[in-house]
Amino acid sequence: MLTTRVVLAAKPSVPHAEELRRRGQRVLMILPRSLAGQVEGHRDDVFFVSGWSAYDELRQLALRLSDQPVASVTSRKDVCQTAAAFLRGLLGVPGMSWEQSIVATDKLLQKNVLRQAGLNVAACAPVRTLAGRARRRCCHRVAAGHQASFRREHGRHHVG
């Protein structure tokens, strides 16, 4: 039986998924439902989810895949990492755990983990709201010689 490579992506065309297919691998793409109109024809190798935190939908997909060998669950986008790790955990596929993926995609948590390990890290603090241009990913000078990066992650804003 052919093993399945599961690829989570934020767009329908992903070079590493295409390369796996070219090499004869079975690839199942998981895409946001908002991209359904961009996928040509009826494809049984695409599964749509309402969002990357739609864990009930991901659990259903894991049940559908439980009778076939899954070799990998991958994604190259930060936004998909927690969903990929969640699926890996359900399917027993090696790779980053769900807990590790949370830290890997949250700058504040990353800095706290590094600080707890005894490493020096730049100061950082969560911010409840940002106005105007600061909502977008950008830098603003907050004091002479200092910059703050504003980035929205997991529904929260971070400065640092």
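**View 1. The accessible surface of the whole protein.** The accessible surface of this predicted model comes to about 10000 Å², and 52% of it belongs to carbon and sulfur atoms; areas come from the Shrake-Rupley method with a 1.4 Å probe, and for residues only the protein chains shown count as cover. Of the 160 residues, 35% are buried, where buried means under 20% relative accessible area, exposed over 50%, and partly exposed in between (1.4 Å probe, protein chains only). Because this is a predicted model, local features need pLDDT of at least 70 and side-chain atom pairs count only at pLDDT 80 or more, while totals for chains, interfaces and linings use all residues. Residues are numbered from 1 along each chain as its sequence is written, and side-chain values use heavy atoms, with hydrogens and water left out.

**View 2. The order of helices and strands.** Here you can follow five helices and eight strands, which are DSSP runs (helices H or I of at least four residues, strands E of at least two) numbered from the N terminus. From that end, the elements run β-α-β-β-α-β-α-α-α-β-β-β-β.

**View 3. Strand 2 and its two partners.** Strand 2 (residues 26-32) has six of its seven residues buried. Strand 1 (residues 4-8) pairs with strand 2 in the parallel sense over five bridges, pairing being counted if DSSP finds at least two bridges between two strands. Look for Thr4, whose bridge partner in strand 2 is Arg26. Strand 3 (residues 46-49) also runs parallel to strand 2, with four bridges joining them, and there Phe47 stands opposite Ile30. Strand 1, helix 1 (residues 15-22) and strand 2 together make a right-handed β-α-β unit: with the strands pointing away from the viewer, the path from the first strand over the helix to the second runs clockwise.

**View 4. Ser34 in a loop.** Ser34 lies in the loop between strand 2 and strand 3. Because its relative accessibility is 66%, Ser34 counts as exposed. Lys11 is 23 residues away along the chain, and the C-alpha atoms of Ser34 and Lys11 are separated by 9.9 Å.

**View 5. Ser72 in strand 4.** Now turn to Ser72, in strand 4 (residues 70-74). Ser72 is buried because its relative accessible area is 15%. The side chains of Ser72 and Arg5 are joined by a polar contact of 3.5 Å, a term for a pair of N or O atoms within 3.5 Å; within protein, one must be able to donate a hydrogen and the other to accept it, and residues adjacent in sequence count only if both atoms are side-chain atoms. Leaving aside neighbours within four places in sequence, Ser72 is in contact (heavy atoms within 4.5 Å) with Thr4, Arg5, Val6 and Val93.

**View 6. The nonpolar cores.** A nonpolar core is a set of buried Ala, Val, Leu, Ile, Met, Phe, Trp, Tyr and Cys residues joined through side-chain atoms within 4.5 Å. The largest one has 19 residues, and those with the most contacts inside it include Val6, Trp52 and Leu61. Helix 3 (78-91) is among the elements that each supply at least two residues of this core, and helix 3 gives the most, with five. Not counting residues up to four places away in sequence, Leu61 touches Leu28, Ile30, Phe47 and Leu87. A second, separate core of eleven residues includes Ala17, Val27, Met29 and Val46.

View 7. Asp106 caps the N-terminal end of helix 5 (residues 107-116), with a side-chain oxygen 3.0 Å from the backbone nitrogen of Leu108. Just after this helix, Gly118 takes a positive phi of about 95 degrees.
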